[in-house]
Every structure is written in C-alpha cells, then in structure tokens.
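Here's a quick briefing to get you oriented. Have a look at the model first, then read on.

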Amino acid sequence: MSDSRILIDPGSFSSGFEGLRDLDAVVVTHQHGDHLDMDRLPALLAANRQAPLLTDPESAALLENPNSDVVTMTAGTDVMIGPVSVTPVGVMHAVNHAGVPRCTNVGVVLRADGEPALYHPGDAYDGEPGEVDVLAVPLNAPWCKVSETIDFVTRIAPGSIVPIHDALLSGVGRGMYVQHVSRFGAGGDVRLADLADGKAADIGIL
C-alpha cells in the first residue's frame, strides 16, 4: 500500500516473518499467541527499529524492552505510517467460552490515497470500520461459526475478501469454508483474493 510495508499479527502459526526487513510498522491486534509470538517478535523489532509497533492496550502492557517504539491503539485515534492512515477499530476479543477470559482486540483499517482500503478485524466480528474495499476474513476459530462469518462479510460488504485465520483447518475443510463465505457472504457479490500456499495477490487490481 503506497509502497509501505506493514506487517499485521506476526503470530506463532505464521512462518517466515522473522526474516522481514525494511518494515514501516508492525501491527498486533491482540495478545493471543497466534497473533503475537512473544519469542520471535523481539528479534523482528530489533531488526526493524525504524518500525513502530502498533498494538492493543493489553498487549502493550505485556511487552518489556520491545526494541521499537510502541503505540497503543485506541478507537478514534488514527496513526499515520508515512502516507498510510491506520484507523483502530473495536475494543474486545470475541467471546470464546467461560474458560477463556476476554482480552482487548483492536482491528485496523489501512487507507492511502488512490488505493483500496483494507480492514483486518483481528479476532472479532463486531467492529464498525465504515466503507472498506478489502476485508481480511477470519475463516475459522473457536469463537466463531460459519454463519457468523457470512453475516460479518454481508454486513461489511467489501468488494474483495482475503481469507485469514485458517491454521486449524485441513485442506478439504478450508476449501469448504472459503466456498461458503465467498458464495454466500454479501450475496456472493465479492471477489476472492486467496493467499493459500504463500501465493501473493495484488488487491489494488482486483
């Protein structure tokens, strides 16, 4: 986006991010390990000291000597990363069950002049991002079911969706989820940008 390099949620289920360099910012939506890898994050930030860490309030409180400037995100206060505005959206993680305490969760909308706006909700479907072009859609989690995912896509009504949060799914199961969400979300009137198997997608030309 406008040649800016912004990494979102470097977590324990992700591979390869520790080698990234020349980042402009790192975003962490919440403290769960699949979004915030406390073992690998410090080295990543040390190698990208120019990149501030934008994160939710509780994650910010967990980090000691993070090797980077920490910006605590709260709804209503945008953060500029070069030409990209980062708009915090939401407050709390979706409900899992009584055995898992809720934590703060702050999604983000990335906007830059002349480019599609991207909304990454973290782990919640209740955020109100306003009009966006591209929605990063959590496909599967202990806190959601596919009907809720479809309702979420329908409510946000993006032009394109990017499936995320799918590490718990088998290949066959993932395909079923993608089919359901892309076919029924927003009445099927969305384009699919699938990053499966490490493929890249230029959402600016979809």
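**Strand 7 and its sheet**

Four of the five residues of strand 7 (residues 107-111) are buried, so this strand is largely enclosed by the rest of the structure. Buried here means under 20% relative accessible area, with a 1.4 Å probe and protein chains only. Strands (E, at least two residues) and helices (H or I, at least four) are DSSP runs, numbered from the N terminus. Keep in mind that this is a predicted model, where local features need pLDDT of at least 70, side-chain atom pairs count only at pLDDT 80 or more, and totals for chains, interfaces and linings use all residues. Residues are numbered from 1 along each chain as its sequence is written, and side-chain values use heavy atoms, leaving out hydrogens and water.

**Neighbours of strand 7**
- Strand 6 (residues 84-89) runs antiparallel to strand 7, joined by five bridges; two strands pair if DSSP finds at least two bridges between them.
- Six residues lie between the strands in the hairpin of strand 7 and strand 8, where Gly 114 takes a positive phi near 80 degrees.

- The seven strands form an open sheet in the order 5-6-7-8-9-10-11, with mixed pairing.
- Strand 5 (79-81) and strand 11 (191-192) are the edges, each pairing on one side only.

Notes:
Buried < 20%, exposed > 50% of the residue type's maximum accessible area, 1.4 Å probe, protein only.
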